[in-house]
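Please look over the sequence and the structure below, and then read the briefing on side-chain contacts that follows.

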Amino acid sequence: MKRLYGMMVLLLLTLQASAEKGEKALSRQEARQCAETLKAAWKDSLQSALLTAKDEMCLRLDSLTMPLHWELIGDEPADGRSLFISLHGGGGAPKAVNDSQWQNQWLLYHPDHSIYLCPRAPVDAWNMHFQTGFDEFYRRMIQMAVAFFNVNPNKVYLMGYSAGGDGVWRLGPRMADSWAAASMMAGHPGDVSLLNLRNTPFMIWCGELDAAYDRNKQCQIRIEEMDSLHRADPQGYIFEGHIVKGKGHWMDLEDKAALTWMAQYQRNPYPTTIVWHQEEELHKHFYWVSAPADELARGKEVRLSIMPPKPNKPAKPSNTIIIERCDYSQLTLSLNDKMINLDKAVKVLYRGKTVFKGKVKRSAATLRHTLYERNDSEYMFPVQIQVKLNN
């Protein structure tokens, strides 16, 4: 992994020198061809950087290790395999107990046409799956699956039971732009915000009699919260909530229905509406929006959308982005031809005022920069616009 980061630093320096010299604007077709070439080289670099982790079935991050167990199930579909990341139970218990819970998780679910991947939590604690800094483990897990097993990055699903369900409550919203869908089984939500799930289908499963820590009551409250969010925004917050009658902490695998439910969805990396609520693990990027690294703080929020096309011209994008709320001094908007028409002028509005209007230039340097910064081929963009906001 150090080799990969060294390559990234070298790449960024090269890009800076290239930008200083100026760079030819790319056509739509040229940008598409450049992206495919970059993607192939990037995938090769991932294979080189993650080969040891793949062979050892273990990820390492600073002093922590995360053992992995995976199984390839069924044939590979034409659009690539799915990846189901399944988090085990346990918590603040002896290592042997958590090891046993991890091994039990291997046997619980069998999603077809997929890689079923069970990470062993790197610590033995109640928050074993989602401590600050752990998100990078899951990013690398996805990168490894994409690089070696041809996983479709838009078909990555998160699930977990008990302490693993606790993990889904946290990782689901704060990494919502990574998941196609997520399912929480028998976990406790704590103080997590659900706002980031606007574009991530989410399931909630809990036994009716699972009264420890008031899981049943807390899950019911969150089901009602998701319902309220969906009613207020019918195009978003897709969810299902199940309080399973007569069941306690163990639901006798009634929750396995989540596999089929999740599999019907794929991630949309370019949603036209974004609600971004900063959680305890601070992230600089969310979908196609980036905020200044030195301004990140839990609770800060961004709401924005791409204006829909005119009813009489549905084939023509509006090319107008409306920022409704922003708790930062500026934003970087990453754009591609799937979102708007980059051959036409782009307009950005904030509080009714125009903060950007003009033609943009597709750039090979921007494609390279965004690909290696995000390490997700779906978040490779030929254009970035930085807008300064007067809050």
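**Side-chain contacts in a predicted model**

Lys155 has a relative accessible area of 7% and is therefore buried, where buried means under 20% relative accessible area, exposed means over 50%, and partly exposed lies in between, using a 1.4 Å probe and protein chains only. The model is predicted, so that local features need pLDDT of at least 70 and side-chain atom pairs count only at pLDDT 80 or more, whereas totals for chains, interfaces and linings use all residues. Residues are numbered from 1 along each chain as its sequence is written, and side-chain values use heavy atoms, with hydrogens and water left out.

**Salt bridges**

- The structure holds 30 salt bridges, each being a side-chain nitrogen of Lys or Arg within 4 Å of a carboxyl oxygen of Asp or Glu.
- Lys155 forms one of them with Asp79, the closest N and O atoms being 2.9 Å apart, and this pair joins distant parts of the chain, since Lys155 lies in strand E5 (residues 151–161) and Asp79 in the loop between strand E2 (64–73) and strand E3 (81–87), 76 residues apart.
- Strands (E, at least two residues) and helices (H or I, at least four) are DSSP runs, numbered from the N terminus.
- Asp210 and Arg215 meet through their side chains in a salt bridge (2.9 Å, N to O), and Asp210 is buried at 2% relative accessibility, as is Arg215 at 11%.
- Asp327 forms a salt bridge with Arg325, with 2.9 Å between the closest N and O atoms; Asp327 is partly exposed at 29%, and Arg325 is partly exposed at 34%.
- A network of salt bridges links Asp135, Arg174, Asp191, Glu279, Glu280 and Arg298.

**Aromatic rings**

- A search of the whole structure finds 13 aromatic pairs, counted when rings of Phe, Tyr and Trp (its six-membered ring) have centres within 6.5 Å, with planes under 30 degrees apart called stacked, over 60 edge-to-face and the rest tilted.
- Phe134 and Phe137 form an edge-to-face pair, 5.9 Å centre to centre with 75° between the planes, and both residues are buried.
- Trp276 and Tyr328 have ring centres 6.2 Å apart and planes at 35°, so this pair is tilted.
- Trp276 lies in strand E9 (residues 273–277) and Tyr328 in the loop between strand E13 (320–326) and strand E14 (330–335), so the pair ties together parts that are 52 residues apart in sequence.
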